[in-house]
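Here is a brief report on one protein model. It covers the fold, the surface and the ring contacts.

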Amino acid sequence: SIMVRNMLGVAASLMMLAGSAGAAHASPNGVWELESRDTRIQLALCGDGTQLCGTLVWLSDVDYNEQYKPFLNAPVANGIKQTSPNRWKGAMQLFGYKMTGTITQRSETQMTL
């Protein structure tokens, strides 16, 4: 697994923690956990209802996360534009790193960044 904190141009997987809407009506709304299981991001549709917004909401208590605590409750994504169903592309920021990328919802419980 590749951790997002080693990022810029690196792929990561997000897994849904709670909620499930069924495959035909998969929604990005909810709390998603990085594959490394040390970071959680709250995602929601925003703006015109097709854009994606997100906030860093949880960090595990592993030692290396201490340096990232100032980023808790900080926006990760703000109005990322939908480019096709279940796909958004735009500027994001995580742990102080700015990047442009694509978030793709693969199923009701998995996304890739």
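## Model and fold

Along the sequence, the protein chain reads β-β-β-β-β-β-β-β. That is 0 helices and 8 strands. Both are DSSP runs numbered from the N terminus: helices are H or I with at least four residues, strands are E with at least two.

The model is predicted: local features need pLDDT of at least 70, side-chain atom pairs count only at pLDDT 80 or more, and totals for chains, interfaces and linings use all residues. Residues are numbered from 1 along each chain as its sequence is written, and side-chain values use heavy atoms, without hydrogens and water.

## Burial and contacts

The protein chain has 113 residues, and 36% of them are buried (under 20% relative accessible area; exposed is over 50%, partly exposed in between; 1.4 Å probe, protein chains only).

Take contacts (heavy atoms within 4.5 Å) between residues at least 6 apart in sequence. Of these, 37% join residues at least 24 apart.

## Ring contacts

How many aromatic pairs does the structure hold? It holds 1. Tyr-68 and Phe-95 form this tilted pair, at 4.2 Å centre to centre and 45° between the planes. Pairing requires centres of Phe, Tyr or Trp rings (six-membered ring for Trp) within 6.5 Å; planes under 30 degrees apart are stacked, over 60 edge-to-face, the rest tilted.

The partners are 27 residues apart. Tyr-68 lies in the loop between strand S4 (51–59) and strand S5 (75–84). Phe-95 lies in the loop between strand S6 (87–94) and strand S7 (97–107). Tyr-68 counts as buried because its relative accessibility is 9%. Phe-95 is buried too, at 6%.

Elsewhere, Arg-40 lies over the face of Trp-58, 3.9 Å from the ring centre. The criterion is NZ of Lys or CZ of Arg within 6 Å of the ring centre and within 35 degrees of the ring normal.
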